[in-house]
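Hello! Here is the structure I promised to pass on to you. Have a look at it first, and then read my notes below.

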Amino acid sequence: MVTKFQIHKLFAMALIVILFAGLFTQGGVLSVQAAEESTAVSSPVFEEDGTVTVQTVSTKSEMYINGNFADWKAFRPMTATGSVYVDDVEQNVFSYKLTTEDLNHTGGVVQYKFVPQAAWSGGDYADPLNGSPTIGGNSAVYFLKLNAEQKQLRPGQNSVVEAFRYKADGSKVDLTDDVEWTSSKPLDVKVVDGMLLVAPETSVGSVTLTAAYQGVTATLALVIVNSVADLVMTPGRDATELNFTWVPTNTSSTSASRVQIAKKNDMTTAAFPDMHETFTGTLAVGTDALASNKVTVTGLQESTEYVYRVSDGEEWSSVYSFTTHESAAYDFLLYGDPQIGASSSENVAGDTTGWQDTLTKSIYKYPNASFLMSVGDQVNVADNEVQYSGFFSPAELKRYPLATVSGNHDNNINYMKHYNQPNESTDYGITDAGGDYYFTHGNTLYMMLNTNNNVGTGHKAFMQEAIAATPNATWKVVMFHHSIYSAANHSTEGYITDLRASLTKVFDELDIDVVLMGHDHSYVRTYQMENDVPKKDQQLNENGDVVNPTGTLYVTVNSASGSKYYDLKAVPEPYSAKREQFYAPSFSHVSVTNQSLSISTYKIDPATDVMTEVDSYTIRKGTSNAAVPAAPTGLKASAGKSSGITLTWNATAESTGYNIYRSKAGSEDFVLCNTVPVTELSYLDDNLSASTTYSYKVTAVNGAGESVASDVVSATTPTPTVAPIPEPIVVSTTVPTKTPIPSPAVSSTAAPIVTPTITPAPANPSFSDVAGKYDWAQQAIEELASKGIIKGISATSFGPGKAIRRADFILLLVKGLELQGQANSNFTDVAANAYYSEAIAIAKGNDIISGMGNNQFLPSAEITREDLMVMVARALQKSGKIKITLSVHELDEFKDASKVSAYAKASIAAILREEIITGSGNGMLNPKQSATRAEAAVIIYNLMKKYME
């Protein structure tokens with residue numbers, strides 16, 4: 001019989017049970033009453049002999065426990081020890097004793113779940129009686145756990161260290177003085193009175209602390225470093241930004257986190273270029289004092305190689321480099337579960353080598369990848385900094401941005417400290433590892449979900465907000481860790497099936513194109529899925545590509561490091577179009593254009609090192625009934641006086657666009673460098689190396705596919721020469737000129753560019769069409785007219801709402817700023833006797849303009865607002881009045897900042913800083929609209945007032 005004390009204890013435990021009632025196999029819990037031969041139920045119970053008992057209750061006649069103390073595929077039977085009443089229903093009490101061997105197998109921390117049958121078939125649940133912190137959704141017994149205030153230390157640096165356990169109620173018990181401490185470097189690294197002491201002469205590398213208690217040992221991995229650690233780049237909000245994160249080795253420093261960046265062309269010696277930009281960020285210290293530096297770099301230009309270095313103190317890191325690529329058509333590399341340390345806690349080096357090998361081979365095959373993506377479980381133990389150091393050790397991660405999501409093995413605050421995610425939500429997908437986040441690259445929106453939080457409504461709200469913020473995305477891609485369509489161990493777990501039920505309908509509703517996942521350490525590509533049903537009846541083109549499909553494609557990728565694989569289930573799933581266990585490291589290559597998204601997957605044979613393509617799938621959007629177009633004809637390449645090569649070709653019938661491919665002469669390795677719409681029959685490939693021969697070919701594309709390539713043509717960039725620019729032009733930072741084809745004209749009611757208040761000027765002469773509607777421009781127009789800088793369209797009319805032509809604005813700019821220079825040459829479409837000829841020649845000679853390709857300027861075309869602002873900025877920089885930098889944060893306040901062309905962002909930001917313009921008065925820049933004569937007059941007037949008086 002139970003005592004009154006035991007009955008009271010059972011009532012107390014009922015309060016815990018109520019919180020987890022939904023996990024039980026029988027409904028809600030209202031009360032617990034003692035039954036005959038009942039025993040008190042608590043979990044875990046620490047025994048004096050170094051063993052631990054875990055318990056649960058159920059109406060089932062048998063229960064099993066599954067955990068990391070054995071193979072996760074093994075199910076051990078639990079022992080029935082009595083019964084209790086739960087909500088007036090008698091339930092059986094089951095227990096299982098974890099031996100000292102079990103505890104040592106897991107390093108002192110056991111993860112486990114309960115299941116009502118000896119198989120993964122749903123119904124599994126965590127221990128509702130255990131108040132200890134969970135790990136990746138699993139209950140945990142913390143028999144012995146170690147932690148250090150600093151896990152990455154310099155020689156001579158000390159840190160607080162502790163040993164502890166959690167009781168059943170979640171309270172922490174300190175064991176620091178009760179354990180026996182040892183070190184893998186006993187002469188250099190030791191624990192004394194709760195302090196980790198590192199000798200000044202300690203060599204750089206990993207160190208393992210070991211603590212023993214009641215026959216159980218636990219270890220703590222540390223790293224001794226002498227420079228910045230775990231440096232990684234992650235994508236910024238779009239292709240013009242990058243985020244940097246690294247772990248400091250001097251957390252006592254009060255210096256700001258800094259990144260210096262410069263164009264590699266400016267680094268002509270071993271010294272970091274004087275012409276650089278410095279970006280400042282934050283040093284954040286989190287739980288267990290794990291600190292991280294986070295800095296965002298903005299204003300990056302496409303197709304440019306940069307150098308950078310970082311600092312959080314007096315010293316700078318080594319100099320590293322990265323290259324940006326065109327974002328209109330691009331590719332990236334996708335990796336599954338590297339999970340460093342998963343093969344064995346003793347084999348971090350082996351898993352790291354596998355990860356490094358896959359990165360090296362994949363990037364060698366696809367060196368122009370714009371970024372890398374990893375689907376979670378980057379490490380095996382979320383707070384193991386040695387495993388993190390292994391994951392971040394490849395040099396490739398300092399050259400290519402890496403986008404990740406948190407897996408169940410990453411779900412810890414350490415994850416947040418190692419990454420600097422853009423647009424991260426503070427409301428949705430929240431766990432210790434942070435929240436959902438998104439970024440864009442070119443035409444694609446990437447939504448990265450933290451599925452350690454399985455609240456589907458929250459993920460839906462996040463995606464709705466992300467989609468609303470990026471309405472022009474052609475492709476919508478989602479990535480998260482826990483695969484909801486896989487073929488191995490995890491595929492039938494309750495957590496997975498619940499997640500599938502909560503997310504698939506959301507993906508259907510939001511028209512998601514592709515979902516990328518991991519977790520199940522095997523490869524699966526589904527059919528197009530809609531409403532959880534395979535949609536096999538899709539329209540294919542002659543290449544086998546799916547054209548304008550219905551439903552969403554789901555891809556689960558396998559291990560990139562080879563640290564762990566799961567066997568496939570015997571019976572294929574109805575959703576699996578392709579399922580395979582490679583038992584080899586693998587990766588996927590994803591290429592994206594406006595018309596297509598292709599995924600090709602490769603395995604790397606560990607015995608032969610042979611790389612083999614194992615799957616390929618392409619989705620196409622656009623016209624499906626067109627024939628593949630013919631190859632473009634008439635391709636020509638001509639090198640200009642700067643570093644650019646201009647291509648021109650003839651139009652191809654039935655084409656919707658063109659792909660431009662480039663290689664260095666003598667190489668047959670052509671890479672896609674851009675995709676242009678069908679309306680463009682020329683392309684300027686700029687920022688090339690001097691004195692170098694490049695070869696090109698062009699293909700035509702439409703919804704049916706891509707044509708064969710045109711003939712190959714070549715051109716050689718000139719050797720640069722330095723020519724003096726006549727006074728008063730002063731050379732400052734050179735900004736490449738890349739002016740696009742003008743946008744169509746807009747109506748005369750377009751919102752004006754708002755400028756700072758201007759002082760009154762004489763109103764002579766007067767135009768009848770300015771007063772009233774154009775009061776904001778009247779003084780500027782009339783003063784410029786009185787000085788002969790600008791003219792009306794007649795004696796009494798100015799035409800303020802009419803679009804201004806490119807030639808007329810250059811004439812205004814040259815006159816207003818009194819620009820001078822030798823008019824040595826001009827564009828072929830600018831007549832020598834034209835009234836604007838000399839002004840255009842001066843602007844060209846001073847590199848303020850470079851034309852529209854084929855040595856043409858299109859003087860009669862209307863000028864867009866962004867081109868107008870770019871020309872103003874370059875003219876002011878050439879004359880030494882402003883400096884164009886990489887910083888573009890000034891654009892953030894404008895609703896249409898995403899519509900600003902990449903080449904124009906830095907220039908527009910510069911004149912926003914100078915308050916030369918402040919937008920259109922409604923939070924918009926309207927960069928693609930044509931500028932009006934009134935707007936141009938006010939800008940020139942303000943330039944003269946600000947810089948010429």
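There are 22 salt bridges in the structure, a salt bridge being a side-chain nitrogen of Lys or Arg within 4 Å of a carboxyl oxygen of Asp or Glu. Please keep in mind that this is a predicted model, where local features need pLDDT of at least 70 and side-chain atom pairs count only at pLDDT 80 or more, while totals for chains, interfaces and linings use all residues. Residues are numbered from 1 along each chain as its sequence is written, and side-chain values use heavy atoms, leaving out hydrogens and water.

One of the salt bridges joins Glu 162 and Lys 172, at 3.3 Å from N to O. This pair links distant parts of the chain, 10 residues apart: Glu 162 sits in strand β12 (residues 159-166) and Lys 172 in strand β13 (residues 172-174). Helices (H or I, at least four residues) and strands (E, at least two) are DSSP runs, numbered from the N terminus.

How accessible are these two? Glu 162 is partly exposed, with a relative accessible area of 22%, and Lys 172 is partly exposed too, at 45%. Here buried means under 20% relative accessible area, exposed over 50%, and partly exposed in between (1.4 Å probe, protein chains only).

Another salt bridge connects Lys 361 with Asp 357, whose closest N and O atoms are 2.4 Å apart. Both residues lie in helix α3 (residues 348-365), four residues apart, which is about one turn of the helix. Together with Asp 609, they are linked in a network of salt bridges.

Enjoy exploring!
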